[in-house]
Every structure is written in C-alpha cells, then in structure tokens.
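Biologist: Hi! Could you walk me through this model while I have it open?
Modeller: Happy to, let's look at it together.

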Amino acid sequence: DGECGFLADVGDDAAIAEYLAHLLDDADLYARMGRAARERVLQHFDLRVSVEKIERIFDKSIQQAHLGA
C-alpha cells in the first residue's frame, strides 16, 4: 500500500526490483516504511492482543454451547 510496504503481483520481478531500488534511493521513505511496518506488526500480531482475541472467541463459543445445551 506504500505505507508499510509495497505490493507486487506474483512473479513480477521487475516491480519488486523497482520497489527495492526506490527504497535504496530514498532513505527517509525506507525509515518511514520500516517504522510503519513495525507498528503494524505490534498492533496486529502482538502476543497479548492475539491471546485476547482467542480468549474472546473461546468465551463466545462456551457461551453459545451453554445456551444450546
């Protein structure tokens, strides 16, 4: 998306090479994208957040099981 990284079609080596060259030429963009990507990973893939989401799923499943029993 240009914020956390670039998307290229599978097998589009030319696009990947272009994106890499662009990042190598623009240190500020490289740094901004790196920070944004790190923040995205921390927000969406943090262990505590993932565990909380799984706990909510389990809690909902348990509640539904009790209602159906």
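**Chatting through the helices**

Modeller: Let's begin with Phe58, which is exposed, with a relative accessible area of 51%. Keep in mind that this is a predicted model.

Biologist: Okay, and which helix is Phe58 in?
Modeller: Phe58 sits in helix α3, which covers residues 47-68.

Biologist: Which residues make a nonpolar surface patch there?
Modeller: Phe58 makes one together with Ile54, Ile57 and Ile62, and the nonpolar patch comes to about 400 Å².

Biologist: Let's switch to packing. How do the axes of α1 and α2 cross?
Modeller: Helix α1 (residues 13-25) and helix α2 (residues 27-45) cross at roughly 105°, and their axes come within 5 Å. That angle makes α1 roughly perpendicular to α2.

Biologist: Which residues meet between those two?
Modeller: On the α1 side you have His22, Leu23 and Asp25, and they meet Ala27, Leu29, Tyr30 and Met33 of α2.

Biologist: And what about α2 with α3, what's the angle there?
Modeller: About 30°, and the axes of α2 and α3 are 6 Å apart. An angle under 35 degrees counts as roughly parallel, so α2 and α3 are roughly parallel to each other.

Biologist: Is Arg48 buried or exposed?
Modeller: Arg48 is exposed, with a relative accessible area of 64%.

Biologist: I also have my eye on Arg35. Where is Arg35 placed?
Modeller: Arg35 belongs to helix α2. Arg35 counts as exposed, because its relative accessible area is 54% and the cut-off for exposed is over 50%.

Biologist: One last thing: how far apart are the C-alpha atoms of Arg35 and Glu3?
Modeller: Their C-alpha atoms are separated by 9.6 Å, while Arg35 and Glu3 are 32 residues apart along the chain.

Biologist: Great, thanks!

Technical notes: Residues numbered from 1 in each chain as written. Predicted model: local features only at pLDDT ≥ 70, side-chain atom pairs only at ≥ 80, totals over all residues. Heavy atoms only, no water. Patch = residues over 30% accessible without salt bridge, like charges linked within 9 Å, V, L, I, M, F, W, Y side chains within 5 Å. Areas by Shrake-Rupley, 256 points an atom, 1.4 Å probe, with all protein chains shown as cover. Salt bridge = Lys/Arg side-chain N within 4 Å of Asp/Glu carboxyl O. Helix = DSSP H or I, 4+ residues; strand = E, 2+ residues; numbered from the N terminus. Buried < 20%, exposed > 50% of the residue type's maximum accessible area, 1.4 Å probe, protein only. Axes fitted to C-alpha atoms, helices over the stretch in contact; angles between N-to-C directions. Parallel < 35°, antiparallel > 145°, perpendicular 65-115°, else oblique. Contact = heavy atoms within 4.5 Å.
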